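This report describes one predicted model. It follows one residue and then moves to its surroundings.

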Amino acid sequence: MTNPDNDRIADPLDRAAAETEHTIAVALSVRKPMGPVANGECHSCGEHVADGLRWCDAECRNAWEQEQEADRRRNGVNG
(Lines give C-alpha, C1' and ligand atoms only; values in the text may rest on other atoms or scores of the structure.)
Protein backbone atom coordinates (compact mmCIF):
# COMPACT_ATOMS: atom_id res chain seq x y z
CA MET A 1 0.00 0.00 0.00
CA THR A 2 1.39 3.41 -0.93
CA ASN A 3 1.07 6.46 1.24
CA PRO A 4 -0.20 9.52 -0.69
CA ASP A 5 1.64 11.79 1.76
CA ASN A 6 4.95 10.34 0.55
CA ASP A 7 4.22 11.62 -2.97
CA ARG A 8 3.58 15.16 -1.66
CA ILE A 9 6.83 15.09 0.31
CA ALA A 10 8.92 13.57 -2.47
CA ASP A 11 8.00 16.18 -5.07
CA PRO A 12 9.32 19.22 -3.12
CA LEU A 13 12.36 17.23 -1.99
CA ASP A 14 13.08 16.08 -5.53
CA ARG A 15 12.74 19.64 -6.80
CA ALA A 16 15.05 20.95 -4.08
CA ALA A 17 17.64 18.27 -4.84
CA ALA A 18 17.49 19.03 -8.56
CA GLU A 19 17.82 22.76 -7.90
CA THR A 20 20.80 22.15 -5.62
CA GLU A 21 22.50 19.95 -8.21
CA HIS A 22 21.91 22.61 -10.88
CA THR A 23 23.30 25.37 -8.65
CA ILE A 24 26.43 23.35 -7.91
CA ALA A 25 26.92 22.53 -11.60
CA VAL A 26 26.65 26.22 -12.55
CA ALA A 27 29.05 27.26 -9.79
CA LEU A 28 31.60 24.65 -10.87
CA SER A 29 31.34 25.70 -14.50
CA VAL A 30 32.16 29.34 -13.79
CA ARG A 31 34.77 28.99 -11.07
CA LYS A 32 38.29 30.05 -11.80
CA PRO A 33 40.87 27.28 -11.69
CA MET A 34 43.12 27.38 -8.66
CA GLY A 35 46.81 27.76 -9.33
CA PRO A 36 48.77 28.93 -12.31
CA VAL A 37 47.50 29.24 -15.87
CA ALA A 38 48.45 26.45 -18.25
CA ASN A 39 51.30 27.66 -20.47
CA GLY A 40 52.58 24.51 -22.18
CA GLU A 41 55.23 23.81 -19.53
CA CYS A 42 55.10 21.99 -16.21
CA HIS A 43 55.06 24.64 -13.50
CA SER A 44 57.32 22.49 -11.35
CA CYS A 45 60.02 21.05 -13.61
CA GLY A 46 59.55 23.01 -16.86
CA GLU A 47 58.93 19.92 -19.03
CA HIS A 48 56.65 20.37 -22.06
CA VAL A 49 53.04 19.34 -21.34
CA ALA A 50 49.92 19.01 -23.50
CA ASP A 51 47.65 22.01 -24.03
CA GLY A 52 45.55 22.78 -20.97
CA LEU A 53 47.79 20.93 -18.52
CA ARG A 54 49.79 22.68 -15.83
CA TRP A 55 52.00 19.83 -14.59
CA CYS A 56 53.54 16.78 -16.21
CA ASP A 57 52.38 14.43 -13.44
CA ALA A 58 50.93 14.26 -9.94
CA GLU A 59 54.38 14.28 -8.37
CA CYS A 60 55.20 17.66 -9.93
CA ARG A 61 51.77 19.02 -9.06
CA ASN A 62 52.23 17.96 -5.44
CA ALA A 63 55.73 19.47 -5.34
CA TRP A 64 54.37 22.76 -6.71
CA GLU A 65 51.54 22.79 -4.14
CA GLN A 66 54.02 22.13 -1.33
CA GLU A 67 56.22 25.01 -2.53
CA GLN A 68 53.21 27.33 -2.63
CA GLU A 69 52.16 26.30 0.88
CA ALA A 70 55.70 26.89 2.17
CA ASP A 71 55.72 30.34 0.53
CA ARG A 72 52.37 31.19 2.15
CA ARG A 73 53.70 30.17 5.56
CA ARG A 74 56.90 32.16 5.07
CA ASN A 75 54.91 35.21 4.05
CA GLY A 76 52.29 34.78 6.78
CA VAL A 77 49.41 34.28 4.37
CA ASN A 78 46.61 31.85 5.28
CA GLY A 79 44.59 29.77 2.82
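## Contacts of Trp 64

Leaving out residues up to four places away in sequence, Trp 64 touches Gly 35, Pro 36, His 43, Ser 44 and Trp 55; contact means heavy atoms within 4.5 Å.

The model is predicted, so local features need pLDDT of at least 70 and side-chain atom pairs count only at pLDDT 80 or more, while totals for chains, interfaces and linings use all residues. Residues are numbered from 1 along each chain as its sequence is written, and side-chain values use heavy atoms, with hydrogens and water left out.

## Aromatic pair and core

The count comes to one aromatic pair. The ring centres of Trp 55 and Trp 64 are 5.2 Å apart and the planes lie at 55°, so the pair is tilted. Rings of Phe, Tyr and Trp (its six-membered ring) pair if their centres lie within 6.5 Å; planes under 30 degrees apart count as stacked, over 60 as edge-to-face and the rest as tilted.

Both Trp 55 and Trp 64 are buried (under 20% relative accessible area; exposed is over 50%, partly exposed in between, with a 1.4 Å probe and protein chains only). They belong to the largest nonpolar core, whose five residues also include Cys 42, Val 49 and Cys 60. Such a core is a set of buried Ala, Val, Leu, Ile, Met, Phe, Trp, Tyr and Cys residues joined through side-chain atoms within 4.5 Å.

## Glu 67

Glu 67 counts as partly exposed because its relative accessibility is 45%. Between Glu 67 and Ser 44 there are 9.2 Å in space, C-alpha to C-alpha, and the two are 23 residues apart in sequence.
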